[in-house]
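Trainee: Could you show me how to read the features of a structure, step by step?
Mentor: Gladly, let us look at it together.

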Amino acid sequence: MPMDATELESNLSLFEDWEERYHYLIALGAKLPPYPEEYRDDQHKVEGCISQVWLRPVVLDGDPPRLEFLGDSDSAIVKGLFAVLRILYSGHTPEEILAVDLEDFFRRVGLEQHLSPNRRNGFFSMVEEIRRTALVVQQS
Amino acid sequence: MSEVRQARTSAPALWTGARLEEVRSQFPLLSASESDGRLVYFDSASTSQRPRCVLDAMEDYYTRANANVHRGLYGLAVDATRLYEGARKKIASLLRAPRVEEVVFVRGVTEAVNLVAQSYLRPRVGPGDEILITLLEHHSNFVPWQIVAEQTGATLRVAAITDQGDLDLEDFRSKLSSRTRLVSVTATSNAIGTVVPLAEVIEDAHAAGATVFVDGAQSAAHGDLDPVGLGADFYAISGHKMYGPTGIGVVWGRFDLLSEMPPYQGGGDMIREVRLDGVDFAAPPQLFEAGTPNIAGAVGLGRAVEFLEELGPQALVAHEKALLEVLVRDLESFEGVRIVGSPTHRASVLSFVMEGVHAQDVATLLDHEGICIRVGHHCAQPLLHRLGETATLRVSVAAFNGSDDVDRLLQGLERVQRIFR
């Protein structure tokens, strides 16, 4: 049974210390399924200045369709943050994805600094790309 | 570690104890006590912090003397003009400019390079002419020349660096010729701290008949390099990297060169007379200061120049040099850390990477410890590419940094390693 948002939040809330929280986050990223090498290309590269980030959204057939996300980064923290996104978003419908209050969730688990709309922040671009994909699928 | 600490206490140049506290206490942003989470600010190469006296000078201007300059005849306007021109004099004295009129206020080095590229160089070059820069340059001393090269058909050439990160003088000389119209070089690399041998570069460039622009962004607050005395033709500094405000800087230029240059922008305060059929321009520096200038910024920068003098330029350089030596030694002996570049002479800046941990992750985690260091390519992508890196961590030191900051950095790095273990 894969972890859901509630379980993730309670896990992250266990840590009083940021060191432990990041240790957990990095471990989450390390457990991600391997990113397929054939999608490590410009088409799947997300704009980010310092770290490299890849994202591949997959639309699963169904009514309504559900979305699945594969992602990777050379930054272990960004990879861990993507693992959080995957728990929140993967297997969900575009409506469900767009309804998630990500800022609120990140604030509750003490990771809000990563959502700053900074041009250097590859992770923020990743979030925008996921939302954009959900919107496109919803409207198609 | 004990060996290192012993070396620290025996380095008399390094500010410690009461002297360090005295300097640090002048910076409101850094004045929190250790227990209240004093920030370790190691990013002065990007922008330094401001001492109280600079903030006071700007507030004093706004509360006591705010009016436009060079225009009104009332007392307030006279005061404002006096403060603004007084700042110009202080900066002229810092740069040892032969004439105060050679000091032009701009937004910073970026605008200075663009001004010289467009007003000085553009009318003077065409196909077959060459502009020579070095691989050590910040993008702001790179891109404006690329633009002029594209506009005019001139060729931009780039002098190589050695594996250690020094300017390769042999390569520099081989690229210098009678076709070289201008050489633009930084005094100190913002990414790896290399100090460029300015005297040799200027002498060789002049021997080839080229004009020389020196980018002083990283050097102005870190010692007396005296590019003007060494014969540079243009020299630019940014206020915010030398304890002054953002949005203000200076380009100094030889008066005969400034006098031959067309204006960079048109507007108020740069004209002598405007008629329906034409315009007579004012003389430099007014010619290059169209519109209402950043008066409070200039006043703040003038005060920052005095602040540097009060610190004692020689004592400051010696302190920073000693602190850099501590940093180099401690990081060299830190397992898993690799310093990027080992230039013969280094000033104020040091880049490093941590094996097995992305630089971005290191910086993110250090931020939680209240340690501000820069991560990325430092706007010097060609240089980092040459050194085989895409992103490094950069520590830059200033008057308010002490060996206690280095200790906290090392503790932070140990914590990073624990997290990744």
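Mentor: First, a helix axis is a line fitted to C-alpha atoms over the stretch in contact, and angles run from 0 to 180 degrees between N-to-C directions. Helices (H or I, at least four residues) and strands (E, at least two) are DSSP runs, numbered from the N terminus. This is a predicted model, where local features need pLDDT of at least 70, side-chain atom pairs count only at pLDDT 80 or more, and totals for chains, interfaces and linings use all residues. Residues are numbered from 1 along each chain as its sequence is written, chains are lettered from A and ligands numbered from 1 in the order in which they are written, and side-chain values use heavy atoms, with hydrogens and water left out.

Trainee: At what angle do helix α5 and helix α6 of chain B pack?
Mentor: Angles under 35 degrees count as roughly parallel, over 145 as roughly antiparallel, 65 to 115 as roughly perpendicular and the rest as oblique. Here α5 (residues 109–121) and α6 (residues 143–152) of chain B pack at about 25°, their axes 9 Å apart. They are therefore roughly parallel to each other.

Trainee: Which residues of α5(B) and α6(B) meet?
Mentor: Contact means heavy atoms within 4.5 Å. From α5(B) come Val113(B), Asn114(B), Val116(B), Ala117(B), Gln118(B) and Leu121(B), and they meet Pro144(B), Trp145(B), Ile147(B), Val148(B) and Gln151(B) of α6(B). By class, this contact has 8 nonpolar, 3 polar and no charged residues; Ala, Val, Leu, Ile, Met, Phe, Trp, Tyr, Cys and Pro count as nonpolar, Asp, Glu, Lys and Arg as charged, and the others, Gly among them, as polar.

Trainee: In what order do the 7 strands of the open sheet in chain B lie?
Mentor: Two strands pair if DSSP finds at least two bridges between them. The order is β2-β8-β7-β6-β5-β3-β4 in chain B, with mixed pairing. At the edges stand β2 (103–106) and β4 (155–159) of chain B, each with a single partner strand, so one side of each is left without a neighbour in the sheet. On average, neighbouring strands of this sheet are turned by 20° against each other, direction ignored. Within it, β5 (residues 180–186) and β6 (residues 211–215) of chain B pair in the parallel sense over 5 bridges, and Thr186(B) stands opposite Asp215(B).

Trainee: Where is the cis peptide bond in chain A?
Mentor: It joins Asp63(A) and Pro64(A), with omega about 0°. Pro64(A) lies in the loop between β2 (53–60) and β3 (66–73) of chain A.

Trainee: What is the phi of Tyr243(B)?
Mentor: Phi of Tyr243(B) is near 70°, a positive value in a residue other than glycine. Tyr243(B) sits in the loop between β7 and β8 of chain B, and is buried with a relative accessible area of 1%.

Note on methods. Buried means under 20% relative accessible area, exposed over 50%, partly exposed in between (1.4 Å probe, protein chains only).
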